[in-house]
Amino acid sequence: MSVIIRRTSYNLRFRGHSSHQFHTNLVAADNKETGLYGFDILNTPKGFQRFVNEAVERSGELVQYISTMPSSTEIIRAMDEISDMVCSVVDSAELCRHTHPDREYIKEANEASMRINEYLHFLNTNRNLYKAVIKAEQDGCSLTEEAQRAAHYLRVDFEKGGIHLCTEKLDRVNQLNIHISHLCREFNENIITDLGHVDIFPASRIPKHLHHLTRPIYRSKANSSRDNVKEKGLRILTDPNTLSSVLQWASDAEVRKLAYVQGNSAPHANLGVLDKLIAARHEIAQIMGYKSYAEFAVHSNMASSPKVVMCFLHELNNMVRFKADEEFKAIRDFKRKKCGQNYVDLEPWDETYFTGMMKASAFNLDSSSVASYFPLSQCIEGLKVLVQSLFGAKFHSIPLAPGESWHPDVLKMSLDHPDEGPLGYLYLDLYSRKGKYSGCAHFAIKGGRQLSETEYQLPVVALVCNFSGSRNSSIVRLNHWEVETLFHEFGHALHSLLSRTCYQHFSGTRVVLDLAETPSNLFEYYAWDYRVLKTFAKHYSTGETIPEKLVKSMQGAKKMFAATELQRQILYALIDQTLFGEQPSPPRDTVSIVADLKSEYTSWNHVVGTHWHTRFNHLLNYGGGYYSYLYAKCFASSIWQEVCQEDPLSLATGTALRTKFLQHGGAKDPACLLSDLIGSDGIIKYREGGIVPDITSLFDEMSLTEVK
């Protein structure tokens, strides 16, 4: 599955061999009608069928061409065009499945996704393509450095798909990969369809400002002599966003407990799905000659082995445990004081509620007051200021052509540079709506690539969020954590938009997994720096710039339980490594594994009967690789302190980020990228044959400098 596709996005064109092209209108001209995302072919739901057909047909032509063993340069370029075409279908279908309000479009996108993924198995097991890639890699002296890297990684990825195996084993790997694809789809669908709910009586137990997240229900009133007297209650869906709000604001501990238990006990069906997924991935790994799926997944990353990953995670845990335990005791003592009970335990459903109270008390913070300074329109202006200051480029709003958009709320912007011209295109789909993907994400639609000496295919991406309101709402205001999320996803978008690789195979976020989250984590820092915030954070009614004193309070509140949050991320990574690590015989159930790890690495109780990990879909696309978020956190801290902190909005800072890091995508060795940016002594360390981040900057930032 990973051979042709290397982490999200793409379009098409191969010079001289066919007139077939996917035509894309990047800028609306004379209001000409087009299809979704500017693909003319997607002007109706059935267009997805034609999209797949044309991709398969054109890929077939290119497969035949590559089989004739042309020059090594042409082999790599033709392989990249196949990838470009196939990924145009994959990425468009993925975005449509998650955001389109029309069920017919979603149905056709689902079918297209399944068809193209099955075709990918054919491509990834085509021995003629494999032989051609080997030829190109062996002929490296005639290739550019990027083409050599492409040839190497294509060969490695082919072998990760099992092409070097005997026919019987290869067939089994293909069966397992298709099975895994279906299991991942089932896991995600269960999350969407089984949200869980709790019914609370009476309705007064729920704070009024949360009532919009509920729906009224009624039951016969107890002890009433009249049959028609009904008691009003509220039904709370325990989806992650609603659950988070209830846990933060509901003062009734029993309500919080009910919501927590239900929200972390759905979907139950995913326990079985996850067991099957773990077994299938483990079987693939063993067929490939690895001890575990984690070893198989990590082998080609910077870490190189689970041993390196686990050493890194244990080092982080040893550094953070003492302070995290202190924070736990502080929360517990605060609860006991508030409750007037000296021996009451601290429960998981208490954390968000009491830490929120402690932050508000210590720093005199009110979330609604903070949100007053972050109207969404101003936050978008902030992104524009950031890009212009750092990179000398400007975002311009441009009209969407008829048929190009999937919802009236969608905006489109072009990123333009005064000397270089257009750099890429960004769709913004920022508002929550029924049936839409419930999280925030960056979706690549097309990757950048060199079409000729004078023509470059510009990247196209979509930034999808779920903020309350709509474009027609009077003023949509963001909580600061939503601002941070917006900047995080914008970091991914910039990685794609500023990338200038010859091959889309390496465009933007198509990098090794344990580097991919670094730009997004870096741009979170910009959401916290007063020098940045004062350029756009204005009060929605008075226009007052956000006070520096308020920002310092926000920063103080952020640091208040930073060790607990870092410990949580370490736990997630340990769970991921364990679930996909070497398997005991007989296998253990995942609930007990998660419970034991939580008890070993934190002070928090595991609540019997809960299984929050059945909603943790990072186990699907980051299986064996969730540690990458912690790598990124360390890398981003080092880059911020060494490159950005002194003057975060200067053109010199932006030039360093762009020319030494962002523009290269995955076309350069990740260790070289990081070392070129700030020097090898300050960001990476070599350990046990792998690479780990230097944790000094992160722990200086958190005031954790000694192991307790």
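I began with Cys96, which counts as buried at 0% relative accessibility. The model is a predicted one, and I kept that in mind throughout.

For Cys96 I looked up the closest cysteine sulfur, which belongs to Cys87. The two sulfurs are 17 Å apart, so they are too far from each other for a bond. The cut-off I applied for a disulfide is 2.5 Å between sulfur atoms. I also checked Cys339, which is partly exposed with a relative accessible area of 37%.

I then turned to the cores. The largest nonpolar core has 139 residues, and the members that touch the most others are Phe374, Leu426, Tyr526, Ile546 and Ile639. Helix 23 (residues 628–644) provides the largest share of this core, 10 residues. I noted a second, separate core of 60 residues, with Val52, Tyr65, Val90 and Val410 among them.

I listed the contacts of Leu426, leaving out residues up to four places away in sequence. Its partners include Phe395, Met413, Val461, Phe490 and Leu497.

Last, I looked at the second largest pocket, which holds about 430 Å³ of space. It is lined by 22 residues, and the closest to its centre are Thr578, Leu579, Gly581, Glu582 and Gln583. Which helix gives the most to this lining? I found helix 9, with four residues. Helices 10, 11, 20 and 21 are also among those that supply at least two residues each. By type, I recorded nine nonpolar, seven polar and six charged residues in the lining.

Notes:
Residues are numbered from 1 along each chain as its sequence is written. This is a predicted model: local features need pLDDT of at least 70, side-chain atom pairs count only at pLDDT 80 or more; totals for chains, interfaces and linings use all residues. Side-chain values use heavy atoms; hydrogens and water are left out. On a 1 Å grid over the protein atoms alone, a cavity is a set of points where a 1.4 Å probe fits but cannot get out, and a pocket is an open set with protein on both sides within 12 Å along at least five of seven lines; lining residues have an atom within 4 Å of a point. Grid points are joined across faces, edges and corners, and a volume is the space filled by probe spheres set on the points. Ala, Val, Leu, Ile, Met, Phe, Trp, Tyr, Cys and Pro count as nonpolar, Asp, Glu, Lys and Arg as charged, and the others, Gly among them, as polar. Buried means under 20% relative accessible area, exposed over 50%, partly exposed in between (1.4 Å probe, protein chains only). A nonpolar core is a set of buried Ala, Val, Leu, Ile, Met, Phe, Trp, Tyr and Cys residues joined through side-chain atoms within 4.5 Å. Contact means heavy atoms within 4.5 Å.
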